[in-house]
Amino acid sequence: MTAAVGHDDALPYRETTSDAYATTAARTFGARRLAEGISLLTGPCPRCRAVISVHLVNDVLRRGVRRRARQAPPQPYRTVRCNCRAPHPGRPEGLRGCGAYWNVLVEQRRQP
């Protein structure tokens, strides 16, 4: 899924990561539980700014997306990759996205 406004499709494809990507995603992405064990993260790619959606499977009840764990033992981190459909020069055939990837922590929410 790409954004109609604000994405940078002139940005060349490059597999890259940065701590800033995770920080930005934690602030700008939203998460929604679709079904038991399936969540959907949606927000702008921190590199190309295209709006993307990423399914997380086996993610039980989301409480929030965080860059760092608050308690030990740390919850599992998930790697998220840009999967936009915007054209990025130099992108290998058959791939989507601008090449950016980052890790997020999806915490579990306790049932009241």
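This is a short chat about a predicted model.

Colleague: Which aromatic pairs does a search of the whole structure find, and how many?

Modeller: The search finds two aromatic pairs. In one, Y21 and W102 sit edge-to-face, 6.4 Å centre to centre with 75° between the planes.

Colleague: Which parts does that pair tie together?

Modeller: Y21 is in helix α1 and W102 is in strand β6, so the pair ties together parts 81 residues apart in sequence.

Colleague: Is W102 buried or exposed?

Modeller: W102 is buried, at 1% relative accessibility. Y21 counts as buried too, at 12%, because the cut-off for buried is under 20%.

Colleague: And what about F29 and W102?

Modeller: Their planes are at 70°, so that pair is edge-to-face, with ring centres 6.1 Å apart. F29 lies in the loop between α1 and β1, 73 residues from W102. Y21, F29 and W102 form one aromatic cluster.

Colleague: Which residues touch the most other members in the largest nonpolar core?

Modeller: W102 is among them, and so are L41 and C45. That core has 22 residues. Elements giving two or more residues to the core are α1, β3 and β6.

Colleague: New topic. How do β1 and β2 pair?

Modeller: They pair in the antiparallel sense, over five bridges. G30 stands opposite T42 in β2. The hairpin has two residues between the strands, and G37 takes a positive phi near 85°.

Colleague: Last one. Where does H88 lie?

Modeller: H88 is in the loop between β5 and β6. H88 is buried, with a relative accessible area of 5%. Its side chain reaches the backbone oxygen of L11 at 2.7 Å.

Notes. Residues are numbered from 1 along each chain as its sequence is written. This is a predicted model: local features need pLDDT of at least 70, side-chain atom pairs count only at pLDDT 80 or more; totals for chains, interfaces and linings use all residues. Side-chain values use heavy atoms; hydrogens and water are left out. A nonpolar core is a set of buried Ala, Val, Leu, Ile, Met, Phe, Trp, Tyr and Cys residues joined through side-chain atoms within 4.5 Å. Buried means under 20% relative accessible area, exposed over 50%, partly exposed in between (1.4 Å probe, protein chains only). Helices (H or I, at least four residues) and strands (E, at least two) are DSSP runs, numbered from the N terminus. A polar contact is a pair of N or O atoms within 3.5 Å; within protein, one must be able to donate a hydrogen and the other to accept it, and residues adjacent in sequence count only if both atoms are side-chain atoms. Two strands pair if DSSP finds at least two bridges between them. Rings of Phe, Tyr and Trp (its six-membered ring) pair if their centres lie within 6.5 Å; planes under 30 degrees apart count as stacked, over 60 as edge-to-face and the rest as tilted.
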